[in-house]
Amino acid sequence: MASHQQTDNDIAEIRAAVRQLCDKFGEDYWLQMEREDGYPAEFVSELTSSGYLGVLIPEQFGGAGLGVLEASAVMEEICRSGAHAGVCHAQMYVMGSVLRHGSDEQKSRYLPKIASGELRLQSFGVTEPTTGTDTTSLKTTAKKVGDQYIINGQKVWISRIQHSDLMLLLARTTDKSEVAKKTDGLSTFIIDVKAAEGNGLTIRPIESMINHHSCELFFDDLAIPAENLLGQEGKGFKVILDGMNAERILIAAECVGDGRYFIDKASAYASDRVVFDRPIGANQGVQFPIARAYTQVEAAGLMVEKAAKMFDAGLPCGAEANMAKMLASEASWSAGDVCMQTHGGFAFAKEYHIERKFRETRLYQIAPVSTNLILSYVAEHVLDMPRSY
Ligand SMILES: Cc1cc2nc3c(=O)[nH]c(=O)nc-3n(C[C@H](O)[C@H](O)[C@H](O)COP(=O)(O)OP(=O)(O)OC[C@H]3O[C@@H](n4cnc5c(N)ncnc54)[C@H](O)[C@@H]3O)c2cc1C
């Protein structure tokens with residue numbers, strides 16, 4: 001009981017400190033970033049130097065050594081403040097693959113510099129234009145030649161690569177036709193982005209609906225040192241898969257933050273805005289949808305907390321992490337829709353920031369995994385129904 005109380009106090013302190021940091025930037029800063037297609041480098045630097053992006057890195061490597069429960073509180077508060085955590089969330093969790101699968105040499109080479117912010121590892125290249133969600137059919141290849149791997153292929157929607165020193169890449173090292181299981185024969189590599197760009201790697205930004213810094217990548221005989229293989233050759237699918245539960249829980253926490261942002265805004269506006277001589281929030285037609293959205297966000301928040309606690313206890317939590325992500329992404333979207341409706345025409349004015357957050361939170365029903373794929377996971381792996389693919 002005492003330890004639960006301690007954790008609650010620690011989390012309350014983390015929330016207050018992150019909120020204070022975010023308030024220094026404010027919503028106009030995020031609007032300006034979007035207008036300029038800019039990257040919020042000052043925000044990310046301050047978040048890193050304050051230690052928040054290294055919360056999951058063990059103390060021996062210079063991080064805070066905390067759990068996903070604490071990391072979720074950081075992500076939630078960033079989003080609740082009106083910021084977009086998608087600009088930096090991967091710096092928190094991509095390193096988990098290095099931590100769990102890296103050699104001692106790789107861990108001591110990379111993790112302390114990731115914790116200090118000297119190196120950014122906030123990009124991961126999995127998705128391809130022709131194979132999409134069918135990850136094991138991906139076509140990018142890595143062929144071992146002497147003490148190098150030669151990489152050829154294409155990736156799409158690879159976020160933050162232009163603001164990252166390192167990227168994790170998933171590529172095929174053995175053809176799908178030659179492996180017993182389709183998840184075999186894939187390998188994960190650490191790519192030094194700055195060394196690769198222009199030397200076999202071409203990066204092309206994608207103009208998109210939100211300021212998420214996503215790019216198309218073209219690999220044309222990119223040579224990388226064989227020592228950059230992360231984990232065992234042919235077992236890279238597991239290297240990536242192992243990081244997915246943390247990613248899903250943290251993104252679900254972002255959605256809860258977005259949802260709380262929308263509820264804060266909607267309830268305040270409904271109480272202030274007077275039409276027909278009374279606050280619009282005095283009408284049940286306005287207040288009930290806000291109360292319903294609040295209830296959905298709070299319920300999703302409980303699933304996020306459950307998944308985070310299971311993850312931190314080392315328990316299998318694939319189902320809970322997936323369900324948390326689905327519930328939270330749907331709850332934040334509903335809350336955003338209600339917030340738009342409550343603001344009437346002003347919802348469309350950029351200076352109110354709501355339409356930006358509305359667009360940003362929509363992403364999470366699609367990436368990093370779409371709702372259908374989560375439903376398929378629950379149906380087949382939790383409810384033991386027949387496989388569909
Ligand atoms: C802004 C943004 C940032 C991203 N960042 C990254 C990144 O950093 N790194 C990275 O690797 N990827 C990234 N992605 C890619 C993202 O993970 C994929 O877009 C997502 O997984 C869906 O894949 P897809 O777009 O190829 O859709 P598809 O696989 O083409 O699917 C399209 C639709 O069909 C549905 N569908 C497909 N197959 C089935 C089926 N068998 N049953 C039921 N429904 C099905 C899907 O649910 C989806 O709704 C990003 C995407 C976006 C938009």
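This is a predicted model: local features need pLDDT of at least 70, side-chain atom pairs count only at pLDDT 80 or more; totals for chains, interfaces and linings use all residues.
Residue numbers run from 1 along each chain as its sequence is written.

Buried means 20 or more other C-beta atoms within 10 Å of the residue's own, with C-beta atoms placed from the backbone. Helices here are DSSP runs (H or I, at least four residues), strands are runs of E of at least two, and both are numbered from the N terminus. Packing goes by contact, that is, C-beta atoms, placed from the backbone, within 7 Å.

I noted domain 1 (2-116), domain 2 (121-234) and domain 3 (238-382); the bounds come from an automatic or database domain assignment. The C-alpha centres of domain 1 and domain 3 are 20 Å apart. Their contact takes 27 residues from domain 1 and 25 residues from domain 3. On the domain 1 side, α2 (26-36), α4 (68-80), α5 (89-93) and α6 (95-101) each supply at least two residues. With ten residues, α4 gives the most to that side.

I skipped neighbours within four places in sequence and got contacts from L250 to V68, A71, S72, M75, H89, M92 and Y93. L250 also turns up among the residues with the most contacts inside the largest nonpolar core, along with F189, I249, V304 and A324. That core has 108 residues, and α9 gives the most to it, with 17 residues. A nonpolar core is a set of buried Ala, Val, Leu, Ile, Met, Phe, Trp, Tyr and Cys residues joined through C-beta atoms within 7 Å.

Where does the ligand lie? Domain 2 and domain 3 both give residues to the shell around the ligand, so it lies between them. I got 23 residues around the ligand, the closest being V126, G132, T133, S370 and N372; the cut-off is a C-beta atom, placed from the backbone, within 6 Å of the molecule. The elements giving two or more residues to the shell are β1 (121-125), β3 (148-159) and α13 (371-382).

How values were computed: Two residues are in contact if their C-beta atoms, placed from the backbone, lie within 7 Å. A residue is buried if 20 or more other C-beta atoms lie within 10 Å of its own, exposed if 12 or fewer, and partly exposed in between; C-beta atoms are placed from the backbone.
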